[in-house]
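Open the model in a viewer and keep the selection tool at hand. The tour below goes from one selection to the next.

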Amino acid sequence: MEPKKDHSSVRFRKDGDLYLVKGYEKIPKQLHQYIVSRFKTLTGTMKLDITRNPQDGKIVQRIQDKDVVFFALTLPTIHGESVNLENIDTEHLQISIDDFFSNDKKLIKIFKNNICKNDGMILFIGPTGCGKSTLINSALTFIYNPKLRIITVEDYVKIQLDNIEQLQVSHVTGTMAGMTRAACLGDPDVVYISTLSDYDTAFTAIEHAMKGCLLFSTLYVNSSIDVISRLLEMGIKDFMIGTAVRCVVNLRLARRICPHCKEKAAYSKTDLKGLGLTEDELTNKVFYRGKGCSKCGGTGIFGRIAIIEIFEFNKNIQSSIMKGYDRKELIKVIEKDCVYHSLTEDAINKFKSGLIDLDTVRMFTL
Ligand SMILES: [Zn+2]
């Protein structure tokens, strides 16, 4: 709910984009603060008299015989407090690895193989909201067994996981680096650090990944190869990167074709060849699109699907990095012998399987 100069409005995020909610486009200005106060009261922790500082809390609502949890955040804008509600219903957000990977057996095998090791580091990259934390939570849930100690160090614990010790970084608990050090001292088997934000955090994490602890973390870079240069820029030595990093998972979310109105599409041969498909791949092949129906609001799109890149560091990659990072040399090694399933490759696979349409696959091929 966003306050404007003379009214307030409510927008709802669906499949990545925000839409005005019908009937709530123009809420009278005088009602705004009452509604904000109501939300704050529902959290039970937010202060009504504090309006000039951000506040956060949780709201639990009984919806269709189920407790649904919302993360609430207020921000002091120049026209009053805005309210943000995010559905963090754990049941709703928990998705199995197989579903996340759209049942792609080959990729699932590579991913599960990497997350079931006893040491090393697995890095997840991609923009905010691309599904990194969803996949990491699925991975932690998948590998959990009572013989393992799993600790997470997070900027903000939004989703609570069973059997996992979750630490939240705040001005009271100390810095990310300090909390990471503390978590690693506890002799954990698996640690998830929400982001390698600085040298100290990255160094501690990588050091432990080399010493027999499986480590998950995220980095903000665009491509899987850039993970290496980013870590080097942070001051991590190349031999540490070569020894510790096991694989990089790069994620994007794409628009999924609506399953309710999916139909065969007559795409032109020129368009299809433009994607890099060969004559062979085009012969007798059927491609799809969403026609538009009442279930998808006429858009032909229903929900989103993860486009996944996996770059596995095998011995050749590791020794190439340890010899001193040279991007050109590394690309040669990747081309020669390595598991590097790119975003483009994955998008084309999903286009061929009828999960995404031509416009969507083009975002990954052009
Ligand atoms: Zn539809």
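**Stop 1: two helices near the end of the numbering**

Helices α14 and α15 are roughly antiparallel to each other, because the angle between them is over 145°. This is a predicted model. To see the pair, select residues 343-352 for α14 and residues 358-365 for α15. The two helices pack at an angle of about 165°, and their axes are 8 Å apart. The crossing of α14 past α15 is left-handed.

Next, show the side chains where the two helices touch. On α14, select Leu343, Thr344, Ala347, Ile348 and Phe351. On α15, select Val361, Phe364 and Thr365. Colour the residues of this contact by class: six are nonpolar, two are polar and none is charged.

**Stop 2: helices α12 and α13**

Select residues 315-322, which form helix α12, and residues 327-336, which form helix α13. Their axes come within 10 Å and cross at roughly 170°. That angle is over 145°, so α12 is roughly antiparallel to α13.

For the contact, pick Asn316, Ile317 and Ser320 on α12, then Glu329, Leu330 and Val333 on α13. Sorted by class, the contact of α12 with α13 has three nonpolar residues, two polar and one charged.

**Stop 3: helices α6 and α7**

Now move to helix α6 at residues 176-185 and helix α7 at residues 199-210. Are α6 and α7 roughly parallel or roughly antiparallel? They pack at an angle of about 15°, with axes 8 Å apart. An angle under 35° counts as roughly parallel, so α6 is roughly parallel to α7. The crossing of α6 past α7 is left-handed.

Show Met176, Ala177, Thr180, Arg181 and Cys184 of α6. The residues of the contact of α6 with α7 divide into four nonpolar, four polar and two charged.

**Stop 4: the domains**

Clear the selection and colour by domain. Domain 1 covers 2-91 in the domain assignment. Domain 2 is given as two segments, 94-251 and 314-336. Taken over C-alpha atoms, the centres of domain 1 and domain 2 are separated by 33 Å.

**Stop 5: the whole chain**

Finally, zoom out and show everything as a cartoon. How many helices and strands are there in the protein chain? There are 15 helices and 18 strands. The radius of gyration of the chain is 23 Å, close to the 21 Å that the globule rule gives for 366 residues, so the chain is as compact as a globular protein of that length. Along its principal axes, the C-alpha trace spans about 65 × 60 × 40 Å.

Key. Residues are numbered from 1 along each chain as its sequence is written. This is a predicted model: local features need pLDDT of at least 70, side-chain atom pairs count only at pLDDT 80 or more; totals for chains, interfaces and linings use all residues. Axes are lines fitted to C-alpha atoms, for helices over the stretch in contact, and angles run from 0 to 180 degrees between N-to-C directions. Helices (H or I, at least four residues) and strands (E, at least two) are DSSP runs, numbered from the N terminus. Angles under 35 degrees count as roughly parallel, over 145 as roughly antiparallel, 65 to 115 as roughly perpendicular and the rest as oblique. A crossing is left-handed if the near helix is turned anticlockwise from the far one by less than a right angle, and right-handed if clockwise. Two residues are in contact if their C-beta atoms, placed from the backbone, lie within 7 Å. Ala, Val, Leu, Ile, Met, Phe, Trp, Tyr, Cys and Pro count as nonpolar, Asp, Glu, Lys and Arg as charged, and the others, Gly among them, as polar. Domain bounds come from an automatic or database domain assignment. The radius of gyration is taken over C-alpha atoms; the globule rule is 2.2 Å times the number of residues to the power 0.38.
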